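This briefing describes the fold of one protein model.

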Amino acid sequence: MARRHVLMTGPMMRTVTDQLDAAFDVHKLWEADDREAFLGDIGDRIEAIAVAPHTTVDSALMERLPGLKIVSVFGVGYDKVDAAWAGQHGIYVSNTPDVLTEEVADTTLGLLLMTVRQLSESERYLRKGLWEKEGPFPLTRASLRDRRVGIIGLGRIGKAIARRLDAFRVPIVYHGRNEQPDVPYGYYPRLVDMARDVDILVAVVPGGDDTAHLIDAEVLDALGPDGIFINVGRGSIVDEDALITALKDRRIMSAGLDVFAHEPKVPVELTEMEHVVLLPHVGSASVHTRARMGQLCVDNIVTYFETGKPVTPVAETPLRG
């Protein structure tokens with residue numbers, strides 16, 4: 001039986017590459033000296049795409065692959081894949097949900113605590129020898145006590161974050177496209193209203209046109225000078241210029257960011273600020289979790305060819321059910 005052909009858009013972890021190489025003929029797009037000639041040569045044979053992190057699969061690429069049947073994304077976010085176009089053309093798109101939920105929720109709570117209690121700043125204070133020279137680090141202005149958290153996007157990860165905050169006895173409300181009657185948290189149909197009523201905003205929403213610059217100057221002004229913004233969703237959901245201005249002008253107190261608009265580039269204005277906490281998109285970055293993500297990425301392709309349907313199709317995918 002002839003082997004099937006898979007296009008890989010960028011370097012991926014060995015868990016993925018070894019299994020795909022063993023089962024399929026894998027073609028590495030990022031290694032092609034002439035992308036157009038490469039696609040012209042192998043395009044008709046490609047039936048699946050393994051999407052590496054931070055790479056794009058748009059309609060122009062998929063149109064070059066007339067036999068394409070499935071696009072398997074390594075990650076829960078698939079905003080760099082034109083899933084709507086794929087679905088309209090009978091192509092499945094799959095992602096890797098659930099397996100990273102708890103890890104990202106853990107990271108979010110760590111980032112929140114680092115930001116609220118200025119833990120990164122106080123560590124730098126110690127490392128510089130200032131504790132001995134100048135005395136104790138100043139008392140932190142913020143605390144989780146008497147704080148209310150608003151979660152933007154109460155999906156799998158949002159709920160896992162909420163469970164952890166429940167243990168801290170922190171009041172929680174949320175904003176999303178629809179109210180969820182089965183959760184015990186208050187719902188705000190308008191984000192700006194929630195921002196006005198909470199002390200901390202935690203964003204967990206995916207990227208894409210629907211959420212672009214969801215967090216803008218109006219929302220940040222509503223959050224106010226005692227407010228803290230945490231983002232573990234996508235950098236594109238924030239007007240980064242507005243956020244920088246709000247932080248510079250102290251119109252919000254602080255921010256904790258794991259994602260940025262143009263990764264891996266981070267605005268120098270942010271890196272120079274002492275009152276923000278910045279992480280290099282490490283929400284799910286443990287060996288344990290990334291291995292499970294990689295396995296699911298492979299399983300989606302293998303299962304599709306065995307059964308006609310991937311394990312975790314996304315909402316826009318055809319024939320779901």
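The points below are grouped by topic.

The model is predicted, so to speak of local features a pLDDT of at least 70 is needed, side-chain atom pairs count only at pLDDT 80 or more, and totals for chains, interfaces and linings use all residues. Residues are numbered from 1 along each chain as its sequence is written, and side-chain values use heavy atoms, with hydrogens and water left out.

**Overall build**

- Along the principal axes, the C-alpha atoms fill a box of roughly 70 × 50 × 30 Å.

**Spans from the UniProt record**

- An unreviewed UniProt entry lists residues 19-314 as "domain: D-isomer specific 2-hydroxyacid dehydrogenase catalytic". Such positions are given in the numbering used here, feature names are shortened, and annotations may be inferred rather than shown by experiment.
- Residues 19-314 are 39% helix and 15% strand, with 23 Å between the end C-alpha atoms.
- The unreviewed entry also lists residues 109-283 as "domain: D-isomer specific 2-hydroxyacid dehydrogenase NAD-binding".
- Residues 109-283 are 35% helix and 15% strand, and their end C-alpha atoms lie 10 Å apart.

**Five-stranded sheet**

- An open, parallel sheet of 5 strands runs in the order β2-β1-β3-β4-β5; two strands pair if DSSP finds at least two bridges between them.
- Because β2 (25-28) and β5 (92-94) each have a single partner strand, one side of each is left without a neighbour in the sheet.
- From one strand to the next the twist averages 20 degrees; axes are lines fitted to C-alpha atoms, for helices over the stretch in contact, and angles run from 0 to 180 degrees between N-to-C directions.
- β1 (residues 5-8) pairs with β2 in the parallel sense over 4 bridges, and V6 stands opposite V26 in β2.

**Seven-stranded sheet**

- A second open sheet, also parallel, has 7 strands in the order β8-β7-β6-β9-β10-β11-β12.
- Its edge strands, β8 (186-188) and β12, each pair on one side only.
- The twist here averages 20 degrees from one strand to the next.
- β7 and β8 run parallel and are joined by 3 bridges; V173 has G186 of β8 as its bridge partner.

**Second largest pocket**

- The second largest pocket holds about 210 Å³ of space. A pocket is an open set of points on a 1 Å grid over the protein atoms alone, where a 1.4 Å probe fits, with protein on both sides within 12 Å along at least five of seven lines; lining residues have an atom within 4 Å of a point. Grid points are joined across faces, edges and corners, and the volume is the space filled by probe spheres set on the points.
- Of its 17 lining residues, Q118, R250, M253, S254 and H275 are the closest to the centre.
- α5 (101-116) and β12 (276-278) each supply at least two lining residues, and α5 gives the largest share, 3 residues.

**Local backbone features**

- Most residues other than glycine have a negative phi, and most peptide bonds are trans.
- E263 and P264 are joined by a cis peptide bond with omega of about 5 degrees; P264 lies in the loop between β11 (254-257) and α12 (268-271).
- R169 has a positive phi, near 60 degrees, and is found in the loop between α8 (156-167) and β7 (172-175).
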